[in-house]
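Here are my notes on this one, as numbered points. Have the viewer open while you read.

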Amino acid sequence: MAVGKEVYLDLAEGVKIPALGFGTWQASDEELEKAVDCALEAGYRHIDTAYAYENEKVLGRVLRKWIDSGKIKREDLFIVTKLPEVGNRPSGVVKYLQRSLDNLGLPYVDLYLVHTPFGYHERGDDLHPMTDKGMIDIDLSTDHAAIWKAMEDQVIAGKARSIGISNFNEKQIERLWNCAERIKPSMLQVELHLYFQQKDLVNYCHSKNIKVCAYSPLGSRGSSQLLGKEIPDVLNNEVVKSIAKKHGKTPAQILLRHIIQRGIAAIPKSTNPQRILQNLQIFDFELSSEDMEKLNGQDQGKAGRILDFSFFKGVPSHPEYPF
Ligand code: A2P
């Protein structure tokens, strides 16, 4: 991997995604507007959102400001958004992608992902409809083959340049792969970080030429409130700290560079201007194979997972769980 050059991954024909993107999950409206401004100023061009994050309108406002002022061209941006759980049916693909485009104020997105393998029944605009028993109202009739046909139609209609999936397990990807007749999924976005390296899933995806994007690449410390528990501090890992010292870099930069050198994209989230900039400054150094091996050795396998969807009440009872 060349030093001093930003890294891109090839998705569908001619579609290139900047390997380092800007994550926006769990950023509130006011802080997000400033953070996106700061990220674009720093040089991020790949920005990740989702209908279910409820922040597309804010992101769209900032993007339009930059595009309208001529500071940036639409084609220089790489915008990713996702189909929400309540839209996991063919008609939902059409409806929710159009809603996302309206929110973002864009005629197309660069990558549209099916956010989760499980779907919810739709009740009004409720993103997390609950049953009388206080459980999420899961729709067990979710049909990935039919959803994927509708996803392919969106590429043909020019509303998405490429399509993929998020949070699918290997079995579900294989099933989807086999029924994807016109366009294969080009990207899988999943939780992936030092303690949860997803080696088997990454190998499987790469064998199918599906690129992988890591969410929570810094270990998702911001999720401790959502989960109501302490989350291991991957930034304080001794191996990471010693490699950081050797290269004159921060632990976050080592964690991100490790992922990028594995041929994986990453979307760290930050609302802090220094950290936003710092997370992008990972293209001017290289980890040695010895560094890589030490970092690979920190994997905790399945035990390293933080976001297992048990925070959505009832989802773990889905017949295909865990995802
Ligand atoms: P903040 O927004 O205050 O910077 P992940 O992308 O794995 O979910 O991690 C996001 C969390 O990590 C947020 O809490 C974010 O806080 C923090 N974070 C982001 N970048 C850095 C960094 N370079 N160093 C330390 N913490 C960071």
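Which residue in S10 does Ile 165 stand opposite? Leu 188.

A word on the basis: this is a predicted model, where local features need pLDDT of at least 70, side-chain atom pairs count only at pLDDT 80 or more, and totals for chains, interfaces and linings use all residues. Residues are numbered from 1 along each chain as its sequence is written, and side-chain values use heavy atoms, with hydrogens and water left out.

1. Strand S9 (residues 163-166) pairs with S10 in the parallel sense over 2 bridges; pairing takes at least two DSSP bridges. Together with helix H5 (residues 170-179), S9 and S10 form a right-handed β-α-β unit (clockwise path from first strand over the helix to the second, strands pointing away from the viewer).

2. S10 also pairs with strand S11 (residues 211-215), parallel again, over 5 bridges. Gln 189 has Cys 213 of S11 as its bridge partner. From S10 the chain runs through helix H6 (residues 199-207) to S11, in a right-handed β-α-β crossover.

3. Now a helix pair: the axes of H9 (residues 251-261) and H11 (residues 289-296) come within 11 Å and cross at roughly 100°. That makes H9 roughly perpendicular to H11 (65 to 115 degrees).

Key
Helices (H or I, at least four residues) and strands (E, at least two) are DSSP runs, numbered from the N terminus. Axes are lines fitted to C-alpha atoms, for helices over the stretch in contact, and angles run from 0 to 180 degrees between N-to-C directions. Angles under 35 degrees count as roughly parallel, over 145 as roughly antiparallel, 65 to 115 as roughly perpendicular and the rest as oblique.
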